[in-house]
Amino acid sequence: MSRAAAQRAAARAKAAPPMDVRASDARAFVTPEGVDLRLRVAGAAERASAFAIDVGILVLTLVVFSLLALFALAGLGRGAGRQGQEIVAIVWLLGFFLLRNFYFVGFELRPRAATPGKRIMGLRVIARSGERLTADAVFARNALRELEVFLPATFLFARGRGVDGLVILLGVIWTGVFLLFPLFNRDRLRAGDLIAGTLVVASPKKLLPPDLAERPLGAPDAAVFTQAQLDAYGVKELHVLEEVLRSADRRTMAAVATRIRAKIGWTEGPDMTDRTFLAAYYKGLRGRLEHRMLFGHRRKDKHDRV
Amino acid sequence: MAELQLKSNRFRIEREADWRRLEVLLEKVEQKSPRRLTTKELLEVPLLYRSALASLSTARSISLDQGLIDYLEALCTRAYFLVYGARTSLPDRLGRFFSEDWPGAVRALGRETLAATLLGVLGAVAAYWAVSVNPDWFYAMVPEGLSGGRNPTATTESLRKTLEGAGPDGLSVFATFLFTHNAQVAVTAFALGFALGLPTAFLLLTNGAMLGAFLALFISHGLGVEAIGWLMIHGVTELFAVTLAGAAGFSIGWAVAFPGARTRMAAASRAGRRAGTVMAGVVIMLFVAGLLEGFGRQLIQNTGARYAIAAASALVWGAYFYMPRRRRAP
């Protein structure tokens, strides 16, 4: 193979994944059966939201427990004075410690490998190596949460003047490094993930959407496109068209239909609605591109000519 | 007719039922538990998973329906984690943890444990000496909130009272605070090991210093024997736990500083997993220490009995971790 050909092949291999749009977040994850699942790394905002939900749940639980303890005391006929305060203090000190240490570990050890917050955001914890997620890894990643979140929090709540104030400020900065750690690496790893060898990925539940080529709306056979008209676009444009059709926004469809009609010089059937036209063109284009794919050529986009 | 129906569409129609079936089973497992599946359903899962994977491969090479491919990727990912997920049941896993993993991980950290112990002892000795020479050093070693009124200005009588466990009001809050404080020290000592182990060393030193300062205070009032009994009934377990946590922190710091043949990341995560095992055990030890502190110390007032419990706990932990044992056949 000549060098130029090799370079071209390498370039094609690089551009090969069809998920061009979100390629930066996709990670190769090959199952033992040899299929790449292309997992998507969870973004910083999703992770933060999941954590906020979890902390909300923890605080709510503690409030409920404190109230229960107070009611129980009142039920025993004791005053709510000093003893009440004491009970609430114990609930918060001990409860928060137990909860924050066992809530995360407990949920991440279950089959879903996600806390309720992560569940809601459609995330889960996996082992970076692709092996099984072990209990040790889950424990290690959560023990470091202490350093990343709760230590900066104690510094923030600390009060001091002069030298003490300076120490507190330095503490906030030093621990802040760990808090912001996920923003500075491409896998969005917390220090805990780094130590435990874990990764948080998106694992959403998806419903099977209807096949747009199955029931072309209106009268599909009225529109028959020539090969030249179908060769105007590639896979990338097909996927954009798919998104437009699935979102079914009238104005976007009108704009897109106008563009396509102009590009392929479509003059027939002026009474055809935009949606019908787009659905028919989608089916035609997909059929044409899939046909070419079967013969070994995946046409990346409209600039890709062979 | 071939023109009217795309090949990729026919492919989807043929296999859709299998995918839906897999989805139903996954839903059942994720909402409830794997035990809710019947044997027949359980046997069905791996077959459906492999056929879904095959469908995904095929779909990627023949279909341009992005919605379908996204769906199959999500479905296969969910099924993958079920099929290759946890194999052992929780009781099995716990059994292995107590019989092999935990003592094994602790033994593997022998060098670090020695270093952590030396640091703690060094802190204690230095603080003991400093406070004996000048009692004012006590305030520098022990934070106000932790001393609970035990400071150089206290009378011998009031100090003796604190040892009997009939302390002032709010003692339960104080005990809880101490427990969470010590657990905090342990977890932080581990977590900070990441930064090359330096903060861990500092924490171990200060923790030892606190102990030394307390001892110096009580011994100067002639209460040394009673104070050691009061401290060590739970302190043996607790200090051992803090030392192990520090050792776990050191092992990570060491791996980060000197990763050897591995990459720094790989070395850190390897050390981190072993240290994670140790830390899971440390939390259990701290819990035991909390029980001893909360109940044992209040109920057992006899100094001799306190020494006996301290010695027994030292023996039990030492034998559990370090006694040579037969390897179980793999």
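Residues are numbered from 1 along each chain as its sequence is written, while chains are lettered from A and ligands numbered from 1 in the order in which they are written. Because the model is predicted, local features need pLDDT of at least 70 and side-chain atom pairs count only at pLDDT 80 or more, whereas totals for chains, interfaces and linings use all residues.

**View 1. Overview of the secondary structure of chains A and B.** The secondary structure of chain A comes to twelve helices and four strands, and that of chain B to 13 helices and zero strands; helices (H or I, at least four residues) and strands (E, at least two) are DSSP runs, numbered from the N terminus. Read from the N terminus, the elements of chain B therefore follow one another as α-α-α-α-α-α-α-α-α-α-α-α-α. Buried residues account for 30% of the 306 residues in chain A and for 43% of the 330 residues of chain B, where a residue is buried if 20 or more other C-beta atoms lie within 10 Å of its own, exposed if 12 or fewer, and partly exposed in between, with C-beta atoms placed from the backbone. Two residues are in contact if their C-beta atoms, placed from the backbone, lie within 7 Å. Among contacts between residues at least 6 apart in sequence, 66% in chain A join residues at least 24 apart, and the corresponding share in chain B is 79%.

**View 2. The open four-stranded sheet of chain A.** The strands of this open sheet lie in the order β1-β2-β4-β3 (chain A), with antiparallel pairing; two strands pair if DSSP finds at least two bridges between them. Strands β1 (26-27) and β3 (123-127) of chain A stand at the edges and have a single partner strand each, so one side of each is left without a neighbour in the sheet. β1(A) is joined by two bridges to the antiparallel strand β2 (residues 39-41) of chain A, in which R40(A) is the bridge partner of A26(A). Two bridges likewise join β2(A) to β4(A), again antiparallel, and here R40(A) stands opposite A202(A).

View 3. Five bridges connect β3(A) and β4(A) in the antiparallel sense, with R124(A) opposite V201(A) and V125(A) partnered by V200(A). Four of the five residues of β3(A) are buried, so this strand is largely enclosed by the rest of the structure. Strand β4 (residues 198-202) of chain A is mostly covered, with four of its five residues buried.

**View 4. Packing of helices α10 and α12 in chain A.** Two packed helices are described by the angle between their axes and the distance between the axes. For α10(A) and α12(A) the angle is about 150 degrees and the axes are 10 Å apart, axes being lines fitted to C-alpha atoms, for helices over the stretch in contact, and angles running from 0 to 180 degrees between N-to-C directions. The crossing of α10(A) and α12(A) is left-handed, a term used if the near helix is turned anticlockwise from the far one by less than a right angle, with right-handed used if clockwise. On α10(A) the contact is made by V235(A), L238(A), L241(A), E242(A), V244(A) and L245(A), and on α12(A) by L278(A), A279(A), Y282(A), L285(A), R286(A) and L289(A). These residues divide into ten nonpolar, no polar and two charged; Ala, Val, Leu, Ile, Met, Phe, Trp, Tyr, Cys and Pro count as nonpolar, Asp, Glu, Lys and Arg as charged, and the others, Gly among them, as polar.

**View 5. The contact between chains A and B, seen for its chain A side.** The contact takes 53 residues from chain A and 59 residues from chain B. On the side of chain A that touches chain B, the elements giving two or more residues are α3 (82-108), α5 (135-143), α6 (145-157), α8 (191-196), α10 (235-247) and α12 (274-294) of chain A. Of these, α3(A) gives the most, with seven residues. The residues of this side divide into 31 nonpolar, seven polar and 15 charged.

View 6. The 18 residues of helix α3 (residues 66-83) of chain B should span 26 Å at 1.5 Å a residue, and the end C-alpha atoms are 25 Å apart, which agrees; the expected span is 1.5 Å times one less than the number of residues. α3(B) is mostly covered, with 14 of its 18 residues buried. M141(B) belongs to helix α6 (residues 137-141) of chain B and counts as buried because it has 23 C-beta neighbours inside 10 Å. Leaving aside neighbours within four places in sequence, M141(B) is in contact with A127(B), V131(B), A209(B), M210(B) and A213(B). M141(B) and G208(B) are 67 residues apart in sequence and 9.5 Å apart in space, C-alpha to C-alpha.
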